[in-house]
Each structure stands twice: as structure tokens, then as C-alpha cells.
Amino acid sequence: MSLHQFFLDEQVLAAETAEVFPLRLADADAKHARVLRLKAGEHIAVIDAAQDYFECEVASFSDDIPLVKIARHLDAPDEGAQVVLVQGLPKGDKFEDVVRHATEVGVAAFVPMRCARSVVKLDEKRASRKVERWRSIAKSAAMQAGRAYVPEVSEPCGLHEVCDLVSQATAVLVCWEEAPQTASMAEAVRSALADTLTPAADARVAVVVGPEGGLTAEEVDALKACNPRASLVSLGPAILRTETAGLIAPALALYELGGLGNRAAGGGE
């Protein structure tokens, strides 16, 4: 049975000198701990601010704050290949769903991209609130899924910023509804790994998905030009919703890199 998992933003457990000490959880995580109804004697997994991985035993509670002692120091599991999802900003709360479910699948980072066909337009204040929300969702999903790291969620980027970010990636997989049906993700991944002599476990692959309405030809051309291992890929004959493609595409990339096979299937809520 997997342990309930918590991330610490500031606390470094190796610096704790007392045998039993309070776990300084963020407010939302402390609330989550209360919902779980943790009891004295239960064990939890804790990844601290130094990215150190521990198994801790709950000793007691003080004002709903768990007091714990370190049961053992663990090696953080190897996350393997890194897949970064570049998602054209969709309408409404769709990106929240993408972040939540793609984090569970194993996406390492998210880059929301402002596209020509993005309906939503975020000013600086709204963008800041959105990013804070997305990061909170990524953390919660990582806790639920037992991920060793919380995925990064960047500020919304324009096309040129995205091109700079992915220019050194092992591969850039541009999902486009106008790509030939023969444009296989498997072949694009295999070709990039061979060209760079990169083991699959060490690869950093960017997957690009457009917003509602898709990517424009100009955006596709820019993405193809920014990295010599950028390829158009097809997700099949059906036209997928942007939020569906934002989950399916990185999951397929992880599968081709051997990542999904190393992740346990579960039935967490």
C-alpha cells in the first residue's frame, strides 16, 4: 500500500534536531492531512524543501498540526524521461483539468502558450492568479499520484518564448490536425533519440498542443524551425478537444519513452 505523500515548501527535515517535530505544511496541505484523518502510528511520505525524500511516522497532533518523527531516509524514485506539455491556452477552466490529469500521468512541466487562436486573453493580474491556481492543482495532483516532484508550471508564454524554451529539447512533437496520418509519434521519438544518442530515460521531450481552433500554419512553421528534431505528429483521424489532446499526447510520448510502464496504476480518488 502506498503512503500518503506531502511536499514541504520551506522545511528541511535534515535540519531538525528534535526526535519529534511539527511538520510545517502549507495551509491547504494541512487541511488535506485533517481530511485524511491521520492517526498516531501511521506512516507518510514527505519530500522536503531540499528535495529529500523521507518516510515519517505520525507521533501526535498539536492544533491539527502533525508531529512526526523520521522513520527512514529514502532515495527519491527516478522519474525517468521528462515530457513537457506546451498547451495553447484554452477557454475557461480546461487547463486546470489538463494540469490535474497530466500530472497524474507523469508530465514533468507545463508551459501555457498564448496562441493566435487562443480565445482567452489574460492580463498580468489575471495571469498571476491563474498560474497560482495551476501550481496548486499540480501540487495536489502530485501528492495524490505519489509523484516524487511537483511539475513546474510556467507563466503564460508567447510563441517566440516557447521556441527558445524548446530549442534544446531532445525532441519537439507538434500535434497538428493537418499533419499526415503517417506522422507517427513513435517514429519521431525513435528518430530523435537515435540522432542525439540519448537513452530514453534521459530524454527531455516537448509536446505541443494547440488551443481551440488549433495552431496556425505560421505557428507550426516557427515550432518546426526552432529545433532540428521538431516533428509534426498525428493523434489519429479524429479531431480531439484541446483538453483531450493535452492528456493523450503527453501520455503517448511517455509510453514511447518507457515512462508509463514504470508508473503504478491506482484507484485514488
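This is a predicted model: local features need pLDDT of at least 70, side-chain atom pairs count only at pLDDT 80 or more; totals for chains, interfaces and linings use all residues.
## Aromatic cluster

Phe95, Phe110 and Trp134 form one aromatic cluster. Two aromatic pairs are counted in total. A pair of aromatic rings is described by the distance of the centres and the angle of the planes.

## Phe95 and Phe110

The ring centres of Phe95 and Phe110 lie 6.4 Å apart, and the ring planes stand at 90°. Pairing requires centres within 6.5 Å, and an angle over 60 degrees counts as edge-to-face; the Phe95–Phe110 pair is therefore edge-to-face. Phe95 belongs to helix H2 (residues 94-105), whereas Phe110 belongs to strand S7 (residues 109-113). The pair therefore ties together parts that are 15 residues apart in sequence.

Are these two residues buried or exposed? Phe95 has a relative accessibility of 2% and so counts as buried, the limit for that class being under 20%. Phe110 is likewise buried, its relative accessible area being 1%.

## Phe95 and Trp134

Phe95 also forms an aromatic pair with Trp134, with 4.7 Å from centre to centre and 80° between the planes. This arrangement, too, is edge-to-face. Which parts of the chain does the pair link? Phe95 is in helix H2 and Trp134 is in helix H3 (residues 124-145), so that distant parts of the chain, 39 residues apart, are linked. Both Phe95 and Trp134 are buried.

## Overall fold and dimensions

The chain contains seven helices and 11 strands. Taken along the principal axes, the box filled by the C-alpha atoms is roughly 60 × 40 × 30 Å.

Of the contacts between residues at least 6 apart in sequence, 74% join residues that are at least 24 apart. The contact criterion behind this percentage is heavy atoms within 4.5 Å.

## Burial, surface and charge

Buried residues account for 45% of the 269 residues in the chain; Phe95 and Trp134 are among the buried residues, as is Phe110. The chain exposes about 13,800 Å², of which 50% is supplied by carbon and sulfur atoms.

The chain carries 27 positive and 39 negative charges.

Notes. Residues are numbered from 1 along each chain as its sequence is written. Side-chain values use heavy atoms; hydrogens and water are left out. Rings of Phe, Tyr and Trp (its six-membered ring) pair if their centres lie within 6.5 Å; planes under 30 degrees apart count as stacked, over 60 as edge-to-face and the rest as tilted. Helices (H or I, at least four residues) and strands (E, at least two) are DSSP runs, numbered from the N terminus. Buried means under 20% relative accessible area, exposed over 50%, partly exposed in between (1.4 Å probe, protein chains only). Accessible areas come from the Shrake-Rupley method with a 1.4 Å probe; for residues, only the protein chains shown count as cover. Lys and Arg count as positive and Asp and Glu as negative; His and the chain ends are not counted. The place of a charge is taken as NZ of Lys, CZ of Arg, CG of Asp or CD of Glu.
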